Amino acid sequence: MERGKIAQWVLIGIAAILFWQFGGNLFGKGNEEIQPNTFYDANRLPDAQRQPEQICTISGARFEAELSSRGGSLRHLRLTDQGKYSKNGKPIDLVTTSQEWRQPLRTDLRLPGVEKQQTPFDNLDWKLTEQDGKSCTFVYEDATSKLTKVVRETGKPFELEMTLEVKNLSAEPLKHRLTVEQTSWRTTEETKGSLGRISEHMTDVVAATTEKVDRLHADAFEPKDFKDKEFTNEYWRRSPGAAKWVAVSSVYFTKAAIPLEGPAPLAETQIEEDWNRDKFNAANRENDKDTHGHVYRARLAYPDVELAPQATQTYKVLSFTGPKEREVLAGVGPGITEVIDLGTFSPIAKVLVGYLKILHKAVGSWGFAIALLTITVRMLLFPLSISQIKSSAAMRRLKPEMDDINARYKEDPAQRGLALQELWRKHGVTNPVLGCIPVLLQMPVWFALYQALQTAVELYHVPFLSARIIPDLSDKGEYFVIPAILGASSFFQQKLMPPQGDPMQQKMMQYMLPGIFVVMMLYLPAGLGVYMLTNTWLGIAQQVAVERYLSRKTQGSAGIEVREKPEKSSGDETKSAPALGKGKARVRG
C-alpha cells in the first residue's frame, strides 16, 4: 500500500474520531422523551413557617466555606489560593447549585413510603448553636428527635468532616435513612467542548465501591436508562458493593464524600436533566443556553436504621472539595486519586505524570518539564521508530527508480506493485504498511500522555515563557503562536518525507496534514502544544540525522525490469535471458 493511500485512511480516521466526539451536537438528541421526575418531595415545611437563615463560616487550609442552617449544607466553598484558583480576580467557588434541596452535604433522613419517620420534613431548619471559625454546630430538635450536626475543618487542604448524631426522643421506635450527597450544576453550553478539546467544565459522577469504580456521564441517564435494573425506585443508579467514596468531578476539580463511621453505605449516582419542564419543547430545550443543563449528584446512601426510644446513631463523613492535585488527593484516602480520569491507558499515564512531577522539581517549570518528558519518551521509543525512519530515508533515495516504475507501469497496478516490492526488497526497505507497525505500537504512550496533560490541574493557570503569549498551559495560547509554529514545522517535516502516490495525494500530505494540526491546536491546551511541538522537532532531527548517516551507504540504481514471458523455444536459450512472466520482476545488475 502506498504512503499516500495510508495518509487517506489516516485522515478518514481522524475525521471519524472528531465526528464521533463532537458531531452529535450538530443534530441534537432528536428525543422527545424526558427523564422521570427525580425530585422526591414527600413533605416540605411551608415557606411561611421557615425560620430565618443563619450562616456559619469556616476558614480551612486553602479554602473558606459557608454553611447554612437550612439543611446544614454548603452554600459556598471558595478556594483561597490567589492567582492559581481565581478567575477575573475572584476566588473560584466550587458550589454551583443554588436550590436548597440540591446543596452539597445536605442531610436527608426521610425514607419514601414509610409512615413513622424520625423527622417530619425534608427541609429542616437547624439552629446554629456554636461556631468558632473552624467548626459549626447545628442542632434540630422536636418532640420525637434531636439531631446534632458538627462540621469542622480537618487541618488538611479542602477537607471538611461532618459528624451527625441522631437521637430518638419518641416513646416508640422510629426509622430513618441517612443520605449525604455531593452536587454540581452545569449548563449544556458550559460543558460543550471545542474542536479537539473537552471543556474544563465537563462533569461526571463517580462511584467507588468494594467491587468497582463507575464513572458515568450524562448519556448514562437518558430517559430509557431509568428502566434498567441498576436503578432504584427513587431513580438513583446504584453501584454494586459497599461504598468507598462517591464524587462529582469536572476536569480539574472534584467534590467527594467518604464514609468514616457508621453502617456501610451504598454508592448511588444520578444526573438530572434540568430545565423548565412547564415549557417543554423537545426541539429547543438544549438550545436554551441559560436554563438547560444538568445537576450532577453522587451520594452515600446508608441502610435504614430503626432507633429504639432514647437510642442514638452516629455517622461521620469526610468531604473533599477542591482541585485534583495528586499529592493532596493521596493524603485524603486510599484510591481517591481515581477521580482523575486518565482514560484507557491510565497505568502508562500514571507513570508519565509521576516522571513529569520529578522533572518539574528539577527544572522548576512545567513547560520545560513537558519538553524534557517529550524528549525522554521520544528517546525511549526511538528503537521502534528507527526502522520506519530508515525506510523513509531509503525510499527518498530510491525516488528516481520509483518514479520510473510508476511511469512505466501506470496502467498496470499489479505489475507496478510487484516491481516496487522487488525494489524495496533489493535495498532492504520495509514495506510502508509494515513500517506503520512501530508507529501503532507507540500510540498507547501518545494517548496516555495526551490524556495526562489535558487533565493535569498542575498546569491550571500556569504561564510559560511569556505570560502574554502562553498565560495558561491548561488553556489555548494567545495569538495562535503555537499552532502557527506547529503547522510550519509539520509542513517542513512532510517535505523531508519521500513523496508517494499521485500529485493529489502528495499535496494532501504536504498541505492538508499540517493544516489539520493547525486547526486542532487552535483550542487545545498550550501544554499539549508544547508536547506536540517538541515531538515534531525531535522527529525532524531524528529524520535528518538518520538520513545523513545512511547517505554514506547509498547504493546505485536498482534497475528493475519487467518483461512479458514468451513461449518456450527449443533453440539456444543462452542467446538471451528468459523473460519474466506477467506479474514477475527481476533485479538487474
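**Salt bridges in close view**

A: In this predicted model, a network of salt bridges links Arg177, Glu234, Arg238, Glu268 and Arg299. In total, the count comes to 30 salt bridges.

One of the salt bridges joins Arg50 to Glu100, with their closest N and O atoms 3.1 Å apart. Arg50 belongs to the loop between α1 (3-27) and β1, and Glu100 to the loop between β5 (90-91) and β6 (107-108), so this pair ties together parts that are 50 residues apart in sequence. Both Arg50 and Glu100 are buried.

Another salt bridge is formed by the side chains of Glu325 and Arg62, at 2.8 Å from N to O. Because Glu325 lies in the loop between β20 (312-323) and α3 (326-330), and Arg62 in the loop between β1 and β2 (63-68), the pair ties together parts that are 263 residues apart in sequence. Glu325 is buried, at 14% relative accessibility, whereas Arg62 is partly exposed, at 24%.

Arg326 and Glu458 also meet through their side chains in a salt bridge, with an N to O distance of 3.0 Å. Here Arg326 sits in helix α3 and Glu458 in the loop between α8 (432-454) and α9 (481-496); the pair links distant parts of the chain, 132 residues apart. Arg326 counts as buried at 11% relative accessibility, and Glu458 is buried with a relative accessible area of 14%.

Terms used: Residues are numbered from 1 along each chain as its sequence is written. This is a predicted model: local features need pLDDT of at least 70, side-chain atom pairs count only at pLDDT 80 or more; totals for chains, interfaces and linings use all residues. Side-chain values use heavy atoms; hydrogens and water are left out. A salt bridge is a side-chain nitrogen of Lys or Arg within 4 Å of a carboxyl oxygen of Asp or Glu. Helices (H or I, at least four residues) and strands (E, at least two) are DSSP runs, numbered from the N terminus. Buried means under 20% relative accessible area, exposed over 50%, partly exposed in between (1.4 Å probe, protein chains only).
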